[in-house]
Amino acid sequence: MDDDVILRGPLGEMATAEAAPAGLNPTDLYAGAISWWSAAVSPAVSIVSWPSAPLTVWMAHVHDDASDGSRLVDTLRRLLGGSAPLATHHDVTNGRMYSGAVHSTRRAEHAGTGTSALLLTGSPFTAGPGSSWRSPLLESHTRMAWDGRHNIPTRGFRRHRSAPPHVGALWTPSLKAWRGFLSTDAATWSRVLHLAQRSAPAPLARASSDRWQHDLADAYRWAFHTRPCLTYTPHAGELLDAVCEAEAGWDTALPEKHGGFFLRVGDHVSRMAGTLAAAERTAIHGTHIRAAWSLARRAVKDTCRLVSMERDMVHQIVEYVDDAMRHVSTSEGQASPVLSNTPEGQTYGEYAHGNRSPSGINAVRKLKQWYQDSCQICATTLVLRSLRHRYSEAAHIRAKEDGGPDLTENLLCLCPNCHVRFDGGAFVLTDDLTVVDTVNDRLGAKLKRHQWHYINLDHVRHHRHHWISRNPAPLTALPSEQHETVRGVLQPWLDNLRQQPP
Ligand SMILES: [Zn+2]
C-alpha cells in the first residue's frame with residue numbers, strides 16, 4: 001500500500017471497496033473519510049486529555065492545478081452523507097462567510113433539521129495577484145474552533161466566551177491556491193494535515209463489501225447516544241508518547257518555519273486515532289495510534305514534497321518514531337471504562353477498555369516546558385546531539401508505588417543525577433522547599449520553582465518521612481570544619497524529624 005498507510009476499521013473498508021469505482025486513490029479516500037467522520041461526530045465524542053480539544057482532523061488534499069478537487073468531497077457526501085451527516089460550505093474565505101456558515105448550521109440544529117457539525121471545503125484562500133491570502137478574522141475564528149473551548153481568550157472578547165462551533169476542514173485546493181499556507185504562520189498551517197493527492201490506481205479485483213455502511217451507521221448512533229469520552233489503553237499511551245517525544249526533534253532539526261509545522265503531529269495522531277476508535281465504538285488502542293501515525297507519516301512526507309524541504313533530517317525523525325514504536329510492547333494492558341458524558345453531565349462506565357489517560361503525559365510535557373528541561377535542583381540543562389536535543393526527567397515526589405499521582409503538583413523536572421539522588425533519598429525537601437543533601441549533611445539552595453508550578457507539600461512530607469525515618473543519613477562524610485557547621489544546623493532538624501510520626 002502507498003507509503004504503508006494502514007487502512008483500518010469501517011472507514012478503511014469503505015475506502016478499499018469504494019475508491020476504484022469513484023476513481024480515487026484508496027488512501028486519499030480513507031484520509032478524507034477520517035476528516036469527514038471526525039467532524040460529523042465531533043459534537044458528541046471527546047478524548048480524555050488536557051486541554052480537551054475537539055475531535056476534528058483538518059486536512060488539505062492538494063491536487064495539481066489542472067485537475068478537479070471536488071471529486072473527493074462529492075464522493076464522501078454520497079458515501080457518508082447518510083450515515084454521518086454534516087453541513088458543507090465551499091470556499092469560505094473570510095470572516096463574514098464563516099459567520100454565515102456557522103449561523104446557518106446552528107439554525108438548522110435548533111430547528112431540528114440538521115446537524116451541529118460544519119465542514120469547510122474548497123479552499124480557505126482568496127486568490128490575489130501573485131499569491132493567495134487568508135483573512136485574519138477567518139484565521140482567528142477557525143483557530144478557536146480547532147483548539148476548542150479551553151483555549152478561548154476570556155479577556156476582551158465577550159462573544160468568544162460561548163463554545164466555539166464544531167468545524168471540520170477538508171480543503172481540496174489546487175497546488176497554486178495551497179501555496180497560501182506558506183504565507184500563514186506555523187501555528188496556522190500546523191493545524192492542518194497536508195496530503196498531496198495521488199492518481200487513482202487500477203481498480204482492485206475484490207468483492208466490495210457494504211458491511212462498513214451498517215458499522216458506521218451504528219457507530220454514529222452510538223456516538224450521539226452515549227456521548228463518549230474516549231480513554232487510551234496503556235499501550236496506546238506509550239505509542240503516543242513516542243510520537244510526542246519526537247515533536248521536539250522536528251522543532252530543533254528544521255528551520256523555524258518548517259519545524260513549526262510539525263508541532264502538532266502528536267495532536268493530529270491522537271485526533272485521528274480517536275476518530276478511528278469512535279468508528280469502532282471502542283477506547284483508543286495501540287493499533288489505532290499505529291494506524292493514525294501511518295497516515296501522519298505520509299502527510300509529513302507529502303509536506304516535504306510540497307514545499308521542497310530538506311528531507312534527510314525529516315526522514316531521520318520519521319525513522320526515529322517508527323523505531324521507538326517498534327520497541328513498545330504490544331500488550332494493551334489493563335481494562336478500564338470509556339467514560340460517557342450523559343446530558344446531565346454525570347459520567348458512568350460504559351465500555352471496558354484502556355485506562356491510560358494522557359493527562360500524565362500532558363503533566364510531564366507542561367513541566368518540561370515550564371523549566372525548559374533545566375534541573376530544579378542544580379539548574380543543569382543537558383543538551384544532546386540526538387533528536388530530543390535537550391534532556392530532563394520528570395521525578396515523582398511521592399513515588400508511584402506509594403500512590404503518587406501523575407500531576408504537576410507531585411512532579412519535579414530534574415537532571416538524571418538529581419533524579420537518582422532524589423529517588424534514593426540523598427535529597428529531601430523541607431517545607432519551604434530547601435534542598436537537603438542527606439548524604440553530605442548539607443543544606444542546599446531552594447528548589448527552583450516556576451510561578452505556575454504548585455507543589456503539594458503532602459507529597460514533599462511523604463517523601464521526606466519515607467527517607468528520614470527508614471534510612472537514617474550516615475552523617476559521616478566531610479569531617480571538615482565546614483561540615484561541623486552544617487551539621488550543627490542540620491542535626492537537630494534531622495533528629496526532630498526522626499522523632500515525628502510520619
Ligand atoms: Zn540536577
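Author: Happy to; what follows is a short tour by question and answer. This is a predicted model, where local features need pLDDT of at least 70, side-chain atom pairs count only at pLDDT 80 or more, and totals for chains, interfaces and linings use all residues. Residues are numbered from 1 along each chain as its sequence is written.

Reader: Thanks! How many helices and strands does the protein have?

Author: The protein has 18 helices and 18 strands. Helices (H or I, at least four residues) and strands (E, at least two) are DSSP runs, numbered from the N terminus.

Reader: And what percentage of the residues count as buried?

Author: Of the 502 residues, 43% do. Buried means that 20 or more other C-beta atoms lie within 10 Å of a residue's own, exposed means 12 or fewer, and partly exposed is in between, with C-beta atoms placed from the backbone.

Reader: Let's look at a sheet. What is the order of the strands in the open sheet of five?

Author: The order is 3-4-7-2-8, and the pairing is parallel. Two strands pair if DSSP finds at least two bridges between them.

Reader: Which strands stand at the edges there?

Author: Strand 3 (87–90) and strand 8 (193–196) do; each has a single partner strand, so one side of each is left without a neighbour in the sheet. From one strand to the next, the twist averages 20°. Angles run from 0 to 180 degrees between N-to-C directions, and axes are lines fitted to C-alpha atoms, for helices over the stretch in contact.

Reader: What about strand 2, how many bridges does it make with strand 8?

Author: Strand 2 pairs with strand 8 over four bridges, in the parallel sense. With strand 7 (residues 166–171), strand 2 (residues 59–62) pairs in the parallel sense over two bridges.

Reader: Are the faces of strand 2 covered or open?

Author: Both are covered: M59 and H61 on one side, A60 and V62 on the other, are all buried. Helix 13 (residues 286–307) lies across strand 2 and strand 8, at about 70° to strand 8.

Reader: Changing topic: at what angle do helix 1 and helix 8 pack?

Author: Helix 1 (residues 9–22) and helix 8 (residues 211–226) pack at about 145°, with axes 9 Å apart. Helix 1 makes the contact through P10, E13 and M14, and helix 8 through R211, W212, D215 and L216. Two residues are in contact if their C-beta atoms, placed from the backbone, lie within 7 Å.

Reader: Last one: is Y320 buried or partly exposed?

Author: Y320 is partly exposed, because 17 other C-beta atoms lie within 10 Å. Y320 lies in helix 14 (residues 311–326). From Y320 to A246 the distance is 7.7 Å, C-alpha to C-alpha, although they are 74 residues apart in sequence.
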